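Please look over the model below before reading on. The report that follows takes up accessibility, salt bridges, a surface patch and cavities, in that order.

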Amino acid sequence: MVVLHTTYVWLAALSNVALGTSRLVGIPTVPFTTSEDGVYSITSVKELIVDSKFAESRDETGETLIPPSLQDFAKTFAADLSSTLDLDVSVSNGNGATPDSIFLTLGDPSKYVDVAGAQTAEGYTLSVNSSGIVISGASPLGVWWGTRTVLQQAILSNSSLPYGEGDDAPGWRNRGMMLDAARHYYPPEFVIELCSYMSFFKQNLFQLHMSDNLYNNVDIYSRERSLQLGAWFRLWSNSEDLAGLAKYKNESYTKDQFEEMQSACASRGVTIIPEIEAPGHSLAIVQWKPELALDSDLSQLNISYPDTIPTMKTIWSTFLPWFQSKTVHIGADEYTGDPNEYNRFVNEMAGYIYQESGKAIRIWGTFPPQPEYDNVDHNVSIQHWEFFEDDPYHDYILNNYSVLNSDDTFYTVAKWSGSYPQVVNVARTFDGNPATGGIWQPYVFDTHVAANNPERSNALVLGAVAPLWNDYGANATVFSEAYYAWKDGIPALGDKQWGGDLSASEFAPAFASLLPLIPGQNLDRAIPSAGSTVFDYDSGSAVEREHFTALGSWKDAAVADRSGNGYDATTDCPLTADNTLSISSSCTFETPLSSKGRDYTLSLKLKVDEASMDAVIVSGGDSSLMLTPNLSLFASGNHYRLNSTVPVGTWVNLSIIGRGNQTFASVQETSLDGPLPEVGSMAATEEEFLAILGVNGQSFVWAPIAVEAPIKQLGGADSGWTGELAAMTLSSEA
């Protein structure tokens with residue numbers, strides 16, 4: 001069932017009337033003209049029909065080398081209709097629309113152009129009348145973006161779409177985000193969920209930065225310390241030529257994993273652009289081969305050393321066959337060596353990569369063209385990030401280079417920075433044009449000086465990508481904090497990167513309505529619940545069951561969820577004489593859930609009789625609550641420890657509280673008959689889990705950490721403790 005925000009439905013209708021029904025309020029906005037007074041209810045749709053003539057058509061003009069067919073996109077759309085709108089429709093091929101159908105077809109591609117007047121395969125036409133819905137695209141990818149419009153409008157308008165028609169096309173070819181997956185590993189499933197989230201707002205490019213290091217502070221670090229500094233290469237190959245380059249297999253992407261990510265993202269119209277950084281930010285390569293280092297800074301490569309470029313060619317020749325994009329990124333950021341050597345490196349790598357794979361390359365703007373340089377070739381595209389490195393308009397565009405806008409206006413640095421925010425500057429998307437004081441769009445590189453920006457229609461502006469950097473390493477954040485840094489920013493940027501014109505007052509209610517229903521992801525780790533109590537277990541309610549199959553029989557027990565949500569737990573742990581569950585490594589207590597995202601209180605009444613050094617009290621999909629022996633949360637590969645622990649042999653009320661971007665714990669001694677504390681009560685002192693960030697070898701910063709509640713399992717192999725469980729509850733309040 002679609003849960004709609006009725007206030008927003010009224011606002012959307014009012015907005016469309018006020019604008020003469022020239023556009024639909026969505027993220028992005030959609031050009032649309034109503035034809036008559038009426039609406040079509042999407043709940044009337046009985047069938048999703050794919051035009052037989054184009055069912056296997058694919059967009060060969062886009063960035064991906066593995067474009068889905070129209071049939072593929074249709075199947076994904078049907079799954080989204082089911083998960084988002086509870087609308088189960090069959091997918092079939094046919095020659096035309098039938099009553100109460102959504103018909104997917106291809107039309108005249110020449111009618112869809114971007115802001116520069118160039119033809120784009122991402123355009124589509126949406127037509128709605130009393131018989132149903134037709135989406136006609138310039139390509140299957142264009143049809144896909146049309147399906148995002150249909151889903152959004154159904155959510156925003158009470159499952160009804162107004163009669164009418166609109167042609168829609170993106171203004172820019174490249175629209176997306178960049179994630180520093182070098183200084184913080186992110187698992188493939190998290191990357192795939194982010195692609196789903198981006199796709200819903202019509203972003204199409206996800207740049208993965210996969211090699212880098214912590215800042216090499218040459219003013220205070222010795223050579224030995226630099227060679228031990230955190231540095232990561234995140235692609236794992238079994239090639240003997242690269243043995244030792246990637247040091248952590250469990251936090252590197254194998255070929256199969258990278259293919260899985262690329263395929264899953266491409267299935268929703270998003271292309272992964274891989275980045276391997278060199279000759280700067282190259283400490284991972286130098287720690288592998290120290291002889292390649294620049295003497296003045298070990299994190300940079302000495303390009304003039306005879307083996308440097310051949311080594312980089314070996315790395316790229318290994319991984320080029322993995323990459324399913326037409327463009328790859330070689331980094332080339334913040335190099336302090338000789339500019340002519342740098343330009344030689346870029347041009348030689350560009351020529352090699354094109355010769356080996358036919359792929360183009362992109363670099364970060366570092367040494368703008370100068371008369372005295374042997375400059376970077378024009379077939380290399382530039383990713384601008386900061387005006388102290390380059391002036392994208394005057395240095396590059398006026399010299400006929402193509403430029404991608406990643407100006408640091410929309411930078412985020414995870415958890416803490418002396419220069420940048422920790423969430424996207426959404427407000428600037430609404431007022432970031434210095435010429436008008438109005439909305440920002442990708443041609444605006446400088447949000448302060450209009451003269452530094454080209455015309456909106458300049459064909460050398462490739463689009464925009466907003467980066468997130470993990471400057472202070474993996475322990476600064478858990479995986480999901482990257483999502484929360486972008487949660488509002490992806491839709492706000494997605495609208496403007498496409499060419500939309502949402503105002504701030506339109507954006508907030510639209511986003512609030514869309515957020516709970518975005519398909520293909522659950523980045524918030526939300527759990528449906530009829531009330532604030534998500535589950536409520538009491539060991540005394542365990543009911544034994546016996547199961548019989550052809551392979552044998554076994555016994556377990558069901559523990560009823562008293563919240564009314566039906567999240568009954570199962571256990572094979574025995575009941576004690578006091579009707580508590582005896583927890584050990586030889587039995588488990590399992591819920592049907594895994595993790596709960598921000599704003600929760602997880603409370604357990606338990607007694608620990610014995611615990612090993614790294615006992616796991618309760619585990620989940622994103623975290624584990626441990627005794628190390630201090631009370632600790634283990635999440636995203638890191639421990640976050642408190643000073644307190646759980647006393648042995650004593651009944652305690654143990655609570656973990658997720659409150660916004662902070663996480664707390666409280667331990668209160670109690671009796672078996674004592675009640676669990678009320679949610680929000682301050683009966684016990686709370687202690688906060690904190691991340692400790694080392695800042696460039698000079699200082700430390702203590703910062704909040706937002707860890708998901710682990711709610712999957714108690715006991716089992718390797719749990720490392722014995723004791724009793726009397727009750728366990730989860731609330732969505734903190």
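A residue is called buried when its relative accessible area is under 20%, exposed when it is over 50%, and partly exposed in between, with a 1.4 Å probe and protein chains only. The model is predicted, so local features need pLDDT of at least 70 and side-chain atom pairs count only at pLDDT 80 or more, while totals for chains, interfaces and linings use all residues. Residues are numbered from 1 along each chain as its sequence is written, and side-chain values use heavy atoms, with hydrogens and water left out.

**Salt bridges**

Side chains of opposite charge can pair when their charged atoms come close. Here a salt bridge is a side-chain nitrogen of Lys or Arg within 4 Å of a carboxyl oxygen of Asp or Glu, and by this rule the count comes to 27 salt bridges.

| Pair | N to O distance |
|---|---|
| Asp72 and Arg58 | 3.6 Å |
| Lys415 and Glu481 | 3.1 Å |
| Asp495 and Lys496 | 2.7 Å |

The side chains of Asp72 and Arg58 form a salt bridge; Asp72 belongs to helix H2 (residues 70–85) and Arg58 to the loop between strand E4 (47–51) and H2, so the pair ties together parts that are 14 residues apart in sequence. Asp72 counts as partly exposed at 32% relative accessibility, and Arg58 counts as partly exposed at 38%.

Lys415 and Glu481 also meet in a salt bridge, and because Lys415 lies in the loop between strand E21 (412–413) and helix H11 (426–431) while Glu481 lies in helix H12 (residues 480–486), the pair ties together parts that are 66 residues apart in sequence. Lys415 is buried, with a relative accessible area of 16%, and Glu481 is buried as well, with a value of 9%. Asp495 and Lys496, which are joined by a salt bridge, are both buried. Elsewhere, Asp180, Arg183, Asp212 and Asp471 are linked in a network of salt bridges.

Is Val701 buried or exposed? Val701, which is part of strand E39 (residues 699–704), is buried, because its relative accessible area is 14%. Leaving aside residues up to four places away in sequence, Val701 touches Trp416, Ala691, Ile692, Leu693 and Val695, where contact means heavy atoms within 4.5 Å. Phe700, also placed in strand E39, is exposed, with a relative accessible area of 56%.

Leu690, Ile692, Phe700 and Trp702 make a nonpolar surface patch of about 440 Å². The elements that give two or more residues to the nonpolar patch are strand E38 (690–695) and E39. Patches are made of residues with over 30% relative accessible area and no salt bridge, with like charges joined within 9 Å and nonpolar side chains (Val, Leu, Ile, Met, Phe, Trp, Tyr) within 5 Å; accessible areas come from the Shrake-Rupley method with a 1.4 Å probe, and for residues only the protein chains shown count as cover.

**Cavities**

On a 1 Å grid over the protein atoms alone, a cavity is a set of points where a 1.4 Å probe fits but cannot get out, and lining residues have an atom within 4 Å of a point. Grid points are joined across faces, edges and corners, and a volume is the space filled by probe spheres set on the points. The structure holds seven cavities of 30 Å³ or more, and about 140 Å³ of space lies in the largest cavity. This largest cavity is lined by 17 residues, of which Ile657, Ser666, Glu678, Ser681 and Glu686 lie nearest its centre.

Methods:
Helices (H or I, at least four residues) and strands (E, at least two) are DSSP runs, numbered from the N terminus. On a 1 Å grid over the protein atoms alone, a cavity is a set of points where a 1.4 Å probe fits but cannot get out, and a pocket is an open set with protein on both sides within 12 Å along at least five of seven lines; lining residues have an atom within 4 Å of a point.
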